[in-house]
Amino acid sequence: LKIAAAAMAARCRLATSFHRIHGANVQLDASRMRATRVESFANGLCFSQEPLAPGQIFLVEIEEKEKGWCGHLRVGLTAHDPQSLEVVPEYSLPDLVNLGDTWVFAITRSHNRVQLDGEEAPARARCPPWEPFLLIEQVRIPRDALVGRSRPGRYSHILDELYRTNVLPATARRSRIGVLYALQPDGTADMHIIINGEDMGPSARRLPTTRPLYAVVDVFASTKSVRVIPVEYGLPSLQTLCRLVIQKHIIHRLAIDGLDLPPPLKSFCKHE
């Protein structure tokens, strides 16, 4: 029982920031929740501040795109502690992967799951938009936080319901991409990539779990800036409770700008 409680507590930790170690062209904001590639198209590697617990998702939202480059965001997991890297590689693919014990995939408009030898590829079950939780193995993740939203605008309060039921393309602005690993009976783990609330299935199998696994986010090419999205598995945080109360007493999100609140709280209330 104690082991199960500890595992649940670990899953409920919020993955809320990037590691201070990152690529040469990455600039983090003061909270280390927003990563922007300020030059070129490469050297955009970022890592989670802490290693992930089993079933704990590291979720980011694409905030800015940059025209003129080919390629998109890359995400995955690595067993390398960022602090142990003598030099942060220029690319996640192939540089970081070539170091070993790293699994990274480029996000495209489609993503294939990995089959075991002799296994047929079943049709992937899409989660209905009204289903409140995404179920991966034994992990239940609140689906609402996983789906991209519109940026507040003149008519965004009218379009909110439309954005909740129409999934954004994987590489679009406001799209949300997450990565996690699920433990298997043999003691290894499967890596899952989640795109706007849809589980892409196991992207890599038999990951070793004897070493901590960090999330990898490569702000590459046409993806210029991403923001970490905290995902609450258990009781809501005080910040979330404040947001719910504020949203309950306003007509629409544009009214939040007129409230006497700290700018970070205004942004949190409007964008979620």
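Which residues make a nonpolar surface patch of about 300 Å²? Keep that in mind for a second while I say what we're looking at.

So, hi everyone. This is a predicted model. The protein chain has 272 residues, and 48% of them count as buried. It has 5 helices and 13 strands. If you take the contacts between residues at least 6 apart in sequence, 69% of them join residues at least 24 apart. The accessible surface comes to about 14100 Å², with 56% of that belonging to carbon and sulfur atoms.

Okay, back to the patch. The answer is Leu238, Leu241 and Leu244. Leu238 sits in helix 4, which covers residues 238-248. Leu238 counts as exposed because its relative accessible area is 64%, and exposed means over 50%.

You'll find Ser48 in the loop between strand 3 (45-47) and strand 4 (58-65). What does its side chain reach? If you set aside neighbours within four places in sequence, Ser48 is in contact with Ser17, Phe18, His19, Phe58, Tyr214 and Ala215.

Last stop: the charges. Side chains of opposite charge can pair when their charged atoms come close. Here the count comes to 10 salt bridges.

Take Glu64 and Arg34, whose side chains meet in a salt bridge at 2.7 Å, N to O. Glu64 is in strand 4 and Arg34 in strand 2 (residues 34-37), so we have a link between distant parts of the chain, 30 residues apart. Glu64 counts as partly exposed, at 29% relative accessibility, and Arg34 does too, at 26%.

Then there's Glu61. It forms a salt bridge with Arg174, with the closest N and O atoms 2.5 Å apart. Glu61 lies in strand 4 and Arg174 in the loop between helix 3 (156-165) and strand 9 (176-183), so this pair ties together parts 113 residues apart in sequence. Both Glu61 and Arg174 are buried.

Glu61 also meets Arg227 in a salt bridge, at 3.4 Å, N to O. Arg227 is in strand 13 (residues 223-228), so that pair ties together parts 166 residues apart in sequence. Arg227 is buried as well, like Glu61.

Definitions and conventions
Residues are numbered from 1 along each chain as its sequence is written. This is a predicted model: local features need pLDDT of at least 70, side-chain atom pairs count only at pLDDT 80 or more; totals for chains, interfaces and linings use all residues. Side-chain values use heavy atoms; hydrogens and water are left out. Patches are made of residues with over 30% relative accessible area and no salt bridge: like charges are joined within 9 Å, nonpolar side chains (Val, Leu, Ile, Met, Phe, Trp, Tyr) within 5 Å. Accessible areas come from the Shrake-Rupley method with a 1.4 Å probe; for residues, only the protein chains shown count as cover. A salt bridge is a side-chain nitrogen of Lys or Arg within 4 Å of a carboxyl oxygen of Asp or Glu. Helices (H or I, at least four residues) and strands (E, at least two) are DSSP runs, numbered from the N terminus. Buried means under 20% relative accessible area, exposed over 50%, partly exposed in between (1.4 Å probe, protein chains only). Contact means heavy atoms within 4.5 Å.
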